[in-house]
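Trainee: I have a structure open and would like to learn how to read its features. Could you walk me through a few?

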Amino acid sequence: MKTLLRRAGWVCVALVALLVLYQLWIFLLVLWWSHFNPSSTSFMDIRLDELQEKRPKAELRHEWVPYERISVHLKRAVIAAEDDSFVDHEGFDWEGIQRALEKNQRKGRAVAGGSTISQQLAKNLFLSPTRSYFRKAQEAVITVMIETVWSKRRILEVYLNVVEWGTGIFGCEAAARRYYGVPASRLGPDEAARLAVMLPNPRKYEKQFGPRLAAHAARIRGRMAYAQVP
């Protein structure tokens, strides 16, 4: 019995050590990406694998653009649509989370998430679309790392450059050229609002942008003037 307990103890120690090393690896990447742009993300790798299962030569559409070459209208639209307290919170919008929980309870299912831009970025960079308590906990840890090391400007820059905007489309430059035939720097308020409302489910909304989503885009267009941009 003592031998079994000792072995179990060593297994626990080994697992904890591996978990700590994994967190350290993530933190080092977060540090590196505070100055250097990520060439790929976990979400990109997952989507590319899915595409190449059907078409082995499939490639993602993605082109990095610096913060200064991203339309301020898109910055305002995404903040208004996804995280209107972005510049004020430290990674988590507790009021937004509470509102999402209450909405989900009323609907009887998960219809709202309450995730901030920082949380979404953490998930996109390192995790997967699957839902689990462990993934949510890991997302929270990475969010704290990102908010501690990066400025709000850097967080928004990376987010806009890596977020998914359709099948095989990642980042605002590829999205602007795909949907409007212009670079991200030339997006106007209306185009920006329409792109912003696609973010919760871009692969669906690139095919079905109906009247309900158009009305939501119009509401976001009206709120953009009040969005604070870093």
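Mentor: Let's begin with the second largest pocket, which is lined by Arg47, Glu50, Leu51, Glu53, Lys54, Glu164, Thr167, Gly168 and Arg203. This is a predicted model, where local features need pLDDT of at least 70, side-chain atom pairs count only at pLDDT 80 or more, and totals for chains, interfaces and linings use all residues. Residues are numbered from 1 along each chain as its sequence is written, and side-chain values use heavy atoms, with hydrogens and water left out.

Trainee: What counts as a pocket?

Mentor: On a 1 Å grid over the protein atoms alone, a pocket is an open set of points with protein on both sides within 12 Å along at least five of seven lines, and lining residues have an atom within 4 Å of a point. Here the volume is about 160 Å³, taken as the space filled by probe spheres set on the points.

Trainee: Which helix gives the largest share of that lining?

Mentor: Helix H2 (residues 42–54) does, with 5 residues. Helices are DSSP runs (H or I, at least four residues) numbered from the N terminus. By class, the lining has 6 charged, 2 polar and 1 nonpolar residues; Asp, Glu, Lys and Arg count as charged, Ala, Val, Leu, Ile, Met, Phe, Trp, Tyr, Cys and Pro as nonpolar, and the others, Gly among them, as polar.

Trainee: Is H7 mostly enclosed or open?

Mentor: Buried means under 20% relative accessible area, exposed over 50%, and partly exposed in between (1.4 Å probe, protein chains only). In H7, 10 of the 11 residues are buried, so the helix is largely enclosed by the rest of the structure. Among them are Lys152 and Arg154.

Trainee: What does Lys152 touch?

Mentor: Contact means heavy atoms within 4.5 Å. Beyond its neighbours within four places in sequence, Lys152 contacts residues including Phe86, His89 and Pro230. Lys152 is buried at 16% relative accessibility, and a polar atom of its side chain lies 2.9 Å from the backbone oxygen of His89.

Trainee: Which side chain makes a polar contact with Arg154?

Mentor: A polar contact is a pair of N or O atoms within 3.5 Å; within protein, one must be able to donate a hydrogen and the other to accept it, and residues adjacent in sequence count only if both atoms are side-chain atoms. For Arg154, the partner is the side chain of Glu157, at 2.8 Å. Arg154 has a relative accessible area of 9%.

Key
1 Å grid on protein atoms, 1.4 Å probe; cavity = no way out; pocket = protein on both sides within 12 Å on 5 of 7 lines; lining within 4 Å. Helix = DSSP H or I, 4+ residues; strand = E, 2+ residues; numbered from the N terminus.
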